[in-house]
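Could you walk me through how the helix and core labels were reached?

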Amino acid sequence: MSCHMIASMLVYGGLFLSAFTSATLLPGSSEAVLAALVGAGNHDVRLLVLVATLGNVAGSLVNWLLGIAIERFRHARWFPVSERDYQRACAWFSRFGLWALLFAWLPVIGDPITLVAGAMRVRFLPFIILVTLGKAARYAMVAGAAGWLAGVFGLA
């Protein structure tokens with residue numbers, strides 16, 4: 001295996017991991033990682049957006065699965081969503097229904113929305129489609145803005 005291939009695997013794997021953790025309540029800064037990689041100009045932007053989206057959707061899927069088992073785990077110390085955030089997400093979900101999943105990328109409220117979707121037994125296919133659309137749009141905008149800024153400032 002060449003050094004270039006190993007370096008690419010580390011770059012894309014690191015981006016996937018950052019996006020995955022960002023979709024859970026573990027610390028992650030996938031937008032910053034994506035923007036830095038786009039700004040560097042050495043990688044396929046479409047592949048970066050795809051990897052970030054897949055990682056972030058996979059993290060949201062963990063939240064959805066936790067939501068399915070929420071009553072069993074909700075009051076455990078390690079549970080990743082506070083009661084306040086859970087109630088706020090329930091209100092969003094009640095107000096917007098399935099369409100709330102398009103906002104799963106939002107800070108603070110997005111992760112609990114995916115958890116509430118599991119608790120409300122939203123079917124897998126609508127969940128994946130709506131979450132993926134919202135998250136892909138967000139990462140495409142971040143990548144576009146980062147590429148534009150890199151061009152304006154002569155960084156790429």
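The questions below look at one helix and at the nonpolar cores of this predicted model.

Q: How do you know that the span of helix H5 (residues 83–96) agrees with its 14 residues?
A: At 1.5 Å a residue, 14 residues should span 20 Å, and the end C-alpha atoms of H5 are 20 Å apart, so the two agree.

Q: Which residues of H5 are called buried, and what makes them so?
A: They are Asp85, Tyr86, Ala89, Cys90 and Phe93. Buried means under 20% relative accessible area, so each of these falls under that cut-off.

Q: Why are the buried residues of H5 said to line one face of the helix?
A: Seen down the axis of H5, they fall within an arc of 140°, so they line one face. Those buried residues pack against helix H4 (70–73) and helix H6 (110–119). On the other side of H5, Arg84, Ser94 and Arg95 are exposed.

Q: What follows H5?
A: Gly97 does, and its phi is positive, near 65°.

Q: Which residues touch the most other members of the largest nonpolar core?
A: Phe93, Leu101 and Phe127, out of 23 residues. Helix H3 (45–68), H5, H6 and helix H7 (124–152) each supply at least two residues of this core.

Q: What does Leu101 touch, leaving out residues up to four places away in sequence?
A: Its contacts include Phe93, Ile113, Ala117, Phe127 and Leu130.

Q: Which residues does the second core include?
A: This separate core of 13 residues includes Ala19, Leu34, Tyr139 and Ala143.

Definitions and conventions. Residues numbered from 1 in each chain as written. Predicted model: local features only at pLDDT ≥ 70, side-chain atom pairs only at ≥ 80, totals over all residues. Heavy atoms only, no water. Helix = DSSP H or I, 4+ residues; strand = E, 2+ residues; numbered from the N terminus. Expected span 1.5 Å × (residues − 1). Buried < 20%, exposed > 50% of the residue type's maximum accessible area, 1.4 Å probe, protein only. Arc of directions from axis to C-beta. Contact = heavy atoms within 4.5 Å. Core = buried A, V, L, I, M, F, W, Y, C linked by side-chain atoms within 4.5 Å.
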